[in-house]
Amino acid sequence: MTSTETIEALRAELVELLGERGVSADLKTRERASVDEATMSPILSEQLPLGLADLVAYPASAEEIAVVVAAATRHRVPVTARGKGTGNYGQGIPLHGGLILDTTRARAVVEVGDGVITAEAGASLALLERAADASGQQVWMYPSTAQSTLGGFLSGGSGGTGSIAHGTNWEGFVVALDVALPGTEPALVHVEGDDARPFVHTYGTAGVIARATVRLEPAQDWRAVYASFPTFEEALGAVRTLREIEPLPRLVSADRAAVAERLPADPAIPAGRASLRAIIDAVALDAASSLISVAGGSVEDVREGVQQTIKVSMLSYNHPIWWLKKNSPGKDYFHVEVGGEALIDRIHEVEAVYPGGILHIEAAHHFPIGMLVAEYTGAEDVYAGYAKLVELGVRVHSPHQFYVDHGVEELLALKERTDPDGLLNPGHLGVPELAVTLPAQAKI
């Protein structure tokens, strides 16, 4: 751990650089900044708190982000970058203390161009979407929590609304990055294309994303569509066919009644029926309605406006599991991230891997993905199910880990050049001994 004297010296320097409001050593502030949504995982929750920051800094621009990283480097204090703290894997927890670099004040939209938008790391995806809309465009994708920051989404997220068409955020979404690297002097390194990709979804372990240019496309006239089905199996049929309509949907999510009934009350999510929510282009509404009907469902409502489509987004990916946990007092649930056609073709076998298992499903770019949820009975029971899922043809990603498991070899080589002293988010790179390993072809 860093000495008290070193932390105080860094604090004093940061006050000179950022002003009194630009840095905090207050305990409650440090505690709030040292956690994220890792409580979604009962396995990670058993380990929390995993770390506590010694300081929190609030740079107000990309250039100030670089200034803060350089100051921490001079004092050899670890740096953990943070957006809104909506990550689910503990990736923003400062395992070795040190400095939390909160990017939320660096939120300027720098430029909206033809097919691209440039913004600072702390700008929310909702803000980018509004800026794009004013120019007749839309962001390729945004996370299910649209208020998440651009830097946070690129560093710790993977996909969301828009992923049916465009996949994950490392599959062409990022055009360029300005990355703050450790050094005695402030340094923003500009990287583009393939050189930018290794900094995406790697938790700020090789560089702190300070500014980013991401892709836009022509705006579409989206509608929020709510449908219900007598059974989840019928809803799965609609998930499979809806992902093929043109123009492609921006989102398609579905849940069994047991989960849907835990979502916020809404007349378009009737009790006792499986629920499907989708974001559909207005020109495809008739086709979507027909496919829903053929699958055995009923369209409950169609709603217009960006607030309505963002609301649907907030009922996708991890959010239904969050609501299930919140509205099920006395029960503790875990989930496993899963993918593949077996989620539809072998649904009963998939859910039976865990007693009382329930699948939340999403249409996605390559194959359906989802969250398989069940009551928590211990970490060993959770891990034991992974191999069973793989045997069924299911791809698996464990949300019960706080370390990078994406492109690790490439990342290690990059980090050797950019952060040889290991100051950036230490402890989040390298597989712990207790990790459950899976064949590469079995991972999402």
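## Contacts along the chain

Among contacts in the protein chain between residues at least 6 apart in sequence, what percentage join residues at least 24 apart? The figure is 74%. Please keep in mind while reading that this is a predicted model.

## The chain as a whole

Welcome to the overall view. The protein chain holds 16 helices and 18 strands. Its radius of gyration is 22 Å, close to the 22 Å that the globule rule gives for 444 residues, so the chain is as compact as a globular protein of that length. Taken along the principal axes, the box filled by the C-alpha atoms is roughly 65 × 50 × 35 Å.

Of the 444 residues, 58% are buried. The accessible surface of the chain comes to about 17500 Å², and carbon and sulfur atoms account for 52% of that surface. As for charge, there are 34 positive and 57 negative side chains, with the centres of the two sets lying 4 Å apart.

Let us look at strand 13, which covers residues 274-281. Is this strand enclosed or open? Eight of its eight residues are buried, so strand 13 is largely enclosed by the rest of the structure. The cover reaches both faces: A274, L276, A278 and I280 are buried on one side, while S275, R277, I279 and D281 are buried on the other.

Strand 13 has pairing partners as well. Strand 11 (residues 222-229) runs antiparallel to strand 13 and is joined to it by eight bridges; within this pairing, S228 has S275 as its bridge partner. Strand 12 (residues 251-255) also runs antiparallel to strand 13, with five bridges between them.

## V225, a residue of strand 11

V225 has its place in strand 11. With a relative accessibility of 4%, V225 counts as buried, because buried means under 20% relative accessible area.

Which residues is V225 in contact with, leaving aside its neighbours within four places in sequence? They are L276, R277, A278, I280, L285, I292, V299, D301 and V302. D301 is 76 residues away from V225 along the chain, yet the C-alpha atoms of these two residues are separated by 6.0 Å.

## S313 at the end of a helix

Helix 11 spans residues 306-313, and S313 is found in this helix. The relative accessible area of S313 is 0%, so this residue is buried.

Neighbours within four places in sequence set aside, S313 is in contact with Y142, P143, S144, T161, L251, I279 and H319. One of these, I279, is among the buried residues of strand 13.

Another strand to find in the model is strand 17, made of residues 369-375. It is mostly covered, with six of its seven residues buried.

Strand 15 (residues 333-339) pairs with strand 17 in the antiparallel sense, over seven bridges. In this pairing, F334 and A374 are bridge partners. Strand 16 (residues 358-362) pairs with strand 17 in the antiparallel sense too, over five bridges, and here H360 is partnered by M371. Strands 16 and 17 form a hairpin, with six residues between them.

K331 lies in the loop between helix 12 (319-326) and strand 15. Its relative accessible area is 42%, so K331 is partly exposed. Along the chain, K331 and E375 are 44 residues apart, and their C-alpha atoms are separated by 6.9 Å.

P42 lies in helix 3, residues 42-45. Is P42 buried or exposed? Its relative accessible area is 4%, so P42 is buried. Leaving aside neighbours within four places in sequence, P42 is in contact with D332, Y333, F334, Y376 and H400. F334 is the residue whose bridge partner in strand 17 is A374. P42 and G378 are 336 residues apart in sequence, while the distance between them in space is 8.5 Å, C-alpha to C-alpha.

How values were computed. Residues are numbered from 1 along each chain as its sequence is written. This is a predicted model: local features need pLDDT of at least 70, side-chain atom pairs count only at pLDDT 80 or more; totals for chains, interfaces and linings use all residues. Side-chain values use heavy atoms; hydrogens and water are left out. Helices (H or I, at least four residues) and strands (E, at least two) are DSSP runs, numbered from the N terminus. The radius of gyration is taken over C-alpha atoms; the globule rule is 2.2 Å times the number of residues to the power 0.38. Buried means under 20% relative accessible area, exposed over 50%, partly exposed in between (1.4 Å probe, protein chains only). Contact means heavy atoms within 4.5 Å. Accessible areas come from the Shrake-Rupley method with a 1.4 Å probe; for residues, only the protein chains shown count as cover. Lys and Arg count as positive and Asp and Glu as negative; His and the chain ends are not counted. The place of a charge is taken as NZ of Lys, CZ of Arg, CG of Asp or CD of Glu. Two strands pair if DSSP finds at least two bridges between them.
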